[in-house]
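Here is a friendly tour of one chain, from its overall build down to single residues. Please keep the viewer open as you read.

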Amino acid sequence: MPRSAVAGRWTWISLLLVLVLGAVLLTTLPEDRGDDDCSARTVRAWGADSRLNSEFSRYGDDASRADDWTGGDGTHSVRLPDGRVLWLFSDTYLGQVYGPPNPFGESYAWRDTSAPMVRNSAVVMRDGRLESTLPAPLFADPAPGQWRWPVAARVEPRRPGTEEKVLRVVLWVRAAGPAPWIYGVPIATEVATLSLPDLRVESTVKVFDQPLVADPSQRVLFGTTLVEEGGWTYVFGGDDRQAVSRPVSRAYAARVPEGGLGDPAAWEYWDGEEWAAGVRPRAVLGDGQRKGVGSAFSVVRDGSTYVLFTMAGGGDGLTTVTSYWACSPTGPWHGPGKGFRADLPDGDVAAYNPQVHPELSGDGRLVLSYDVNWLETNGAAAQLSRNVALYRPRFVTLRLGPAR
């Protein structure tokens with residue numbers, strides 16, 4: 001065969017090999033690797049959001065009704081089609097609030113220690129003003145000794161492609177358990193469907209069951225935060241490794257097509273290589289030591305960059321909010337970045353559950369809340385009633401910028 005023919009043959013073979021290799025790479029590389037303008041992001045500035053802090057104090061201290069929200073944690077929010085904002089809370093105090101001084105002579109608003117506490121609640125805000133608490137608990141207990149905590153929520157089509165909108169609320173199911181499970185053993189992730197505009201709970205469906213996972217610290221609950229992008233809703237979750245004295249927990253990712261949150265068959269999980277249904281999810285963030293998340297965290301997109309907010313690992317996890325960034329929901333996640341210290345009231349208290357509220361953000365700023373609670377479980381209820389301002393979210397306004 002002439003040398004030119006041989007050379008031409010090998011040129012075509014080389015080209016064919018390149019094309020085949022390229023096809024293999026395209027089918028094996030993770031999806032959603034992000035756009036070219038994805039870049040490192042970090043918190044450049046922050047400050048207290050006095051307007052929101054004052055509004056929750058005003059509403060919580062209002063003594064005109066005895067069945068309204070007076071304090072709670074697990075703070076999440078969602079904007080409804082008519083412009084209202086629905087605030088969702090986990091453990092919630094109702095009851096009457098009395099002005100200072102409290103029975104100890106301190107200048108705190110207070111409630112009686114017999115005031116009712118419910119496992120979840122929802123408060124309606126209109127035009128920046130909190131106006132009413134829905135009948136609580138909004139989500140009934142699934143079984144004796146179990147309860148539901150609402151987490152992230154989205155308005156979406158009742159069915160993919162339909163115009164009718166409903167509210168989907170992701171729920172964590174937990175059950176009473178012995179130490180170290182003082183805040184409940186993780187059981188399952190559910191999704192509730194609420195009609196609009198009346199916010200009536202229509203149905204609840206289980207989308208991710210966990211009792212078959214023998215070690216409760218490795219059970220994953222999804223829904224701590226949602227991010228919509230490219231026709232998908234990415235649903236982030238975490239395990240409970242911190243409950244067994246690990247420095248950090250691990251983060252996981254699932255996704256559903258738009259309108260599919262309430263359909264268990266539509267959920268896909270990241271297994272370390274691809275999105276698939278019916279698989280055991282694999283962590284997208286967390287090394288069990290320094291890198292990882294707290295019991296609840298939040299993710300938001302800044303341009304093409306995903307930014308995750310969580311409490312820091314180790315001893316700073318009670319006071320400091322830190323962040324990670326990535327070009328894809330599945331990572332790799334870079335960080336932790338430089339954190340900022342949460343402003344805390346006096347007392348033996350801790351911050352947790354940093355949550356971004358996109359519906360209240362804009363003009364380059366992000367509104368973020370964090371919850372506050374008494375550290376010692378024995379006697380905590382008495383302390384939270386002695387000063388009702390303790391067990392309420394705090395709000396800050398952040399500005400992101402390039403990480404240097």
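## The chain as a whole

Of the contacts in the chain between residues at least 6 apart in sequence, 58% join residues at least 24 apart, where contact means heavy atoms within 4.5 Å. This is a predicted model, in which local features need pLDDT of at least 70 and side-chain atom pairs count only at pLDDT 80 or more, while totals for chains, interfaces and linings use all residues. Residues are numbered from 1 along each chain as its sequence is written, and side-chain values use heavy atoms, with hydrogens and water left out.

The chain holds three helices and 24 strands; these are DSSP runs numbered from the N terminus, with helices being H or I of at least four residues and strands E of at least two. Its radius of gyration is 23 Å, close to the 22 Å that the globule rule gives for 404 residues, so the chain is as compact as a globular protein of that length. Here the radius is taken over C-alpha atoms, and the rule is 2.2 Å times the number of residues to the power 0.38. Along the principal axes, the C-alpha atoms fill a box of roughly 105 × 45 × 45 Å.

## Surface and charge

Buried residues account for 49% of the 404 in the chain. Buried means under 20% relative accessible area, exposed over 50%, and partly exposed in between, with a 1.4 Å probe and protein chains only. The accessible surface comes to about 18400 Å², and 53% of that belongs to carbon and sulfur atoms. These areas come from the Shrake-Rupley method with a 1.4 Å probe, and for residues only the protein chains shown count as cover.

As for charge, there are 41 positive and 47 negative side chains, and the centres of the two sets lie 4 Å apart. Lys and Arg count as positive and Asp and Glu as negative, leaving out His and the chain ends; each charge is placed at NZ of Lys, CZ of Arg, CG of Asp or CD of Glu.

Let us turn to a strand with neighbours on two sides. Five of the five residues of β4 (residues 85-89) are buried, so this strand is largely enclosed by the rest of the structure. Cover reaches both faces: Val85, Trp87 and Phe89 are buried on one side, and Leu86 and Leu88 on the other.

Strand β3 (residues 76-79) runs antiparallel to β4 and is joined to it by four bridges; two strands pair if DSSP finds at least two bridges between them. Val78 has Leu86 of β4 as its bridge partner. The β3 and β4 hairpin has five residues between its strands, and there Gly83 takes a positive phi near 95 degrees. β4 also pairs with β7 (residues 121-126) in the antiparallel sense, over five bridges, with Trp87 opposite Val123.

Four strands make an open, antiparallel sheet in the order β18-β19-β20-β21. Its edge strands are β18 (298-302) and β21 (340-341), each pairing on one side only. Five bridges link β18 to β19 (residues 305-311), and Asp302 has Thr305 as its bridge partner.

In β22 (residues 349-356), eight of the eight residues are buried, so it is largely enclosed by the rest of the structure. Six bridges join β22 to the antiparallel β23 (residues 366-374), among them the pairing of Val356 with Leu368.

## Residues worth a click

Ala192 sits in strand β11 (residues 185-194) and is buried, with a relative accessible area of 0%. Leaving aside residues up to four places away in sequence, Ala192 touches Phe139, Leu167, Arg168, Val169, Leu171, Ser203 and Thr204.

Which residues does a cis peptide bond with omega of about 10 degrees join? They are Leu196 and Pro197, and Pro197 lies in the loop between β11 and β12 (201-209). Another cis bond joins Gly335 and Pro336, with omega about 5 degrees; Pro336 is in the loop between β20 (320-326) and β21.

Asp127 is not a glycine, yet has a positive phi of about 55 degrees. Asp127 is in the loop between β7 and β8 (129-133) and counts as exposed at 77% relative accessibility. Asn353 also has a positive phi, near 55 degrees, but lies in strand β22 and counts as buried at 4% relative accessibility.
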